[in-house]
Amino acid sequence: MAQGTLEIVFPRRSEKCSVFFGENLIDKLPLEAFSGLSYLVIVSDDVVSKLYAQKLRDRLSQATKTCLIVMQHGERSKNLLTVSKIVKKMSDLGLDRKSAVLALGGGVVGDTSGFVASIFKRGIKYFQFPTTLLAQVDSSIGGKCGIDTEWGKNQIGTFCQPAGIFITASVLDTLPKSEIVNGLGEIVKTSIISDRTMFNEIESSPEDYFTIRKLKTLIRRTCEIKLSVVEKDELETNFRRILNYGHTIGHAIEASSDYKLSHGKSVILGMICEGWIANKLRIFDDGDYDRQLKLLSNIKDHYGIKILLNRRKILSFAMLDKKITGATIRMSLPKEIGKMYSSKDGEFAVPVSKEMLVRSLDCLK
Ligand SMILES: NC(=O)c1ccc[n+]([C@@H]2O[C@H](COP(=O)([O-])OP(=O)(O)OC[C@H]3O[C@@H](n4cnc5c(N)ncnc54)[C@H](O)[C@@H]3O)[C@@H](O)[C@H]2O)c1
C-alpha cells in the first residue's frame with residue numbers, strides 16, 4: 001500500500017480531514033493529530049480490542065489521556081442502545097467538549113463511534129482507525145454515521161467528518177478470510193463507477209484478487225476515489241449517489257436476510273440486479289454489462305454467496321431506501337464501466353418501477 005497523507009477540507013463546514021496511509025501505523029501514529037485533546041475515548045469491539053487496543057493505547061498515551069470502551073462485535077450492536085451505553089460511560093467520566101472518540105474496528109464500530117461523537121455535547125472530534133478491508137476502503141471515509149433500527153438499516157444517522165483516518169494494511173493480516181469479500185465488493189464497485197483501468201486490472205486476474213495481499217494494492221486508489229466524490233457532494237444531494245450503486249437492492253437483501261448475509265456480499269448481489277436493470281433500461285452498454293456480470297458472478301461463486309429469495313420482503317425493505325421520493329424507487333446506475341449515468345438534467349438517480357426491481361431478483365436464482 002502506498003504511504004503518505006491526504007488532506008481534504010470539506011467545504012460545508014470547512015472541516016479538515018487528514019488521511020494517513022502507512023505500514024505498521026500503530027507504532028508510527030502521528031501524535032500531533034491528537035494535540036489539544038483533553039481525553040481520547042477509544043471505542044472498539046470485543047474481537048478487535050483484544051488484538052490491537054493495548055498497543056494503540058500505549059502509543060496514544062504519549063499524546064493524551066485515553067480510555068477504552070468495548071462494544072459487542074457484529075451488526076446487531078449498531079443500535080441506539082449501544083450508543084446510549086457509550087454516551088453514558090463518557091458522561092460518567094466527566095468528559096468535556098475537548099475530548100474525542102477514536103473508532104478502532106470495522107464499519108460497525110466506525111459508524112457507532114461517529115454517531116456518538118456527533119451527538120455527545122452536540123458534537124466532538126472523532127478519528128477512524130479502520131481494521132477491516134471494507135472499513136478501510138469505504139465506511140471510514142465520507143462521514144456517514146448510520147445506526148440501525150428494528151425497521152431498517154441505517155435509518156438514523158448523521159453526517160460527521162472524522163478529523164483523521166489512519167489506514168494501515170498491517171492490521172488486515174488477522175482479518176478472517178470470510179471478511180475479505182466485503183471489501184472486495186466495494187473495490188469492484190468503485191472501479192465500475194469511476195475507474196475502468198482498475199476494473200481491467202481486477203478482471204485480468206480475478207483469482208489474484210481473492211487474496212488480501214493483492215487487494216492491499218488497491219486500498220489507496222479506492223480511498224482516493226471515494227474521497228474525491230464526497231468532497232464534491234458531501235451531503236449526497238446528487239453526485240455522491242454514484243457510491244450507492246448496488247446498495248438499494250443490496251441493503252434490502254441484507255435486511256431481508258435479517259443481516260445474516262453480510263453488507264459486502266449483499267452489495268455484490270445488489271450490483272448484479274441493478275446492473276441488469278441498467279441494461280434493460282438501455283443505459284448500460286451490453287458489452288460492459290456482460291463483463292461486469294462475469295466478474296461479479298465469479299466472485300459470487302468463489303465465495304458461495306447464496307440467499308433465500310423473499311421478493312416481498314426485499315421490496316418492502318427497498319421502499320425504505322433514503323433515495324426514494326414519494327413512492328418512486330431511484331437508483332444510481334452505470335452507463336459503462338468507469339462511468340455512471342446521469343440524466344439530461346444532470347441527475348445521478350434513475351426512477352425504477354417496483355416490477356422491474358422484483359424481476360431483477362431473478363438474476364439471483
Ligand atoms: N459509513 C459508511 O459510509 C458505511 C459504508 C459501508 C458500510 N458501512 C457499515 O459498515 C458495517 C460493516 O462493516 P464491516 O464489514 O467492517 O463489519 P464489522 O465491523 O462487523 O467487522 C466484521 C468482523 O470482523 C472483526 N474484525 C474487524 N477487524 C478485524 C481484524 N483486523 N482482525 C480480526 N477481526 C477483525 C470484527 O470484530 C467483526 O466481527 C455495516 O454496518 C455497514 O452498514 C458504513
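**Entry 1. The ligand shell.** I began with the kinds of residue around the ligand: the shell divides into nine nonpolar, 13 polar and seven charged residues. I note at once that the model I am reading is predicted.

**Entry 2. Members of the shell.** I then looked up how many residues surround the ligand, and the number is 29. The closest are V47, G106, G107, T132 and S139. Turning to the elements, I found that helix 1 (48–60), helix 3 (107–119), helix 4 (133–139) and helix 5 (177–194) are those that give two or more residues to this shell.

**Entry 3. The domains.** I consulted the domain assignment of the chain, which gives domain 1 (4–174) and domain 2 (177–364). I recorded that their C-alpha centres lie 26 Å apart.

**Entry 4. Where the domains touch.** I looked up the contacts between the domains and found 24 residues of domain 1 in contact with 27 residues of domain 2. On the domain 1 side, I listed strand 1 (4–10), strand 2 (15–21), helix 4 and strand 8 (152–159), each of which supplies at least two residues. Helix 4 provides the largest share of that side, with five residues. I also noted the make-up of the side of domain 1 that touches domain 2: 13 nonpolar, six polar and five charged residues.

**Entry 5. Helix 4 again.** Reading back, I see that helix 4 is among the elements that give two or more residues to the ligand shell, and that helix 4 also supplies five residues to the side of domain 1 that touches domain 2.

Conventions:
Residues numbered from 1 in each chain as written. Predicted model: local features only at pLDDT ≥ 70, side-chain atom pairs only at ≥ 80, totals over all residues. Near = placed C-beta within 6 Å. Helix = DSSP H or I, 4+ residues; strand = E, 2+ residues; numbered from the N terminus. Nonpolar A, V, L, I, M, F, W, Y, C, P; charged D, E, K, R; others polar. Domains from an automatic or database assignment. Contact = placed C-beta atoms within 7 Å.
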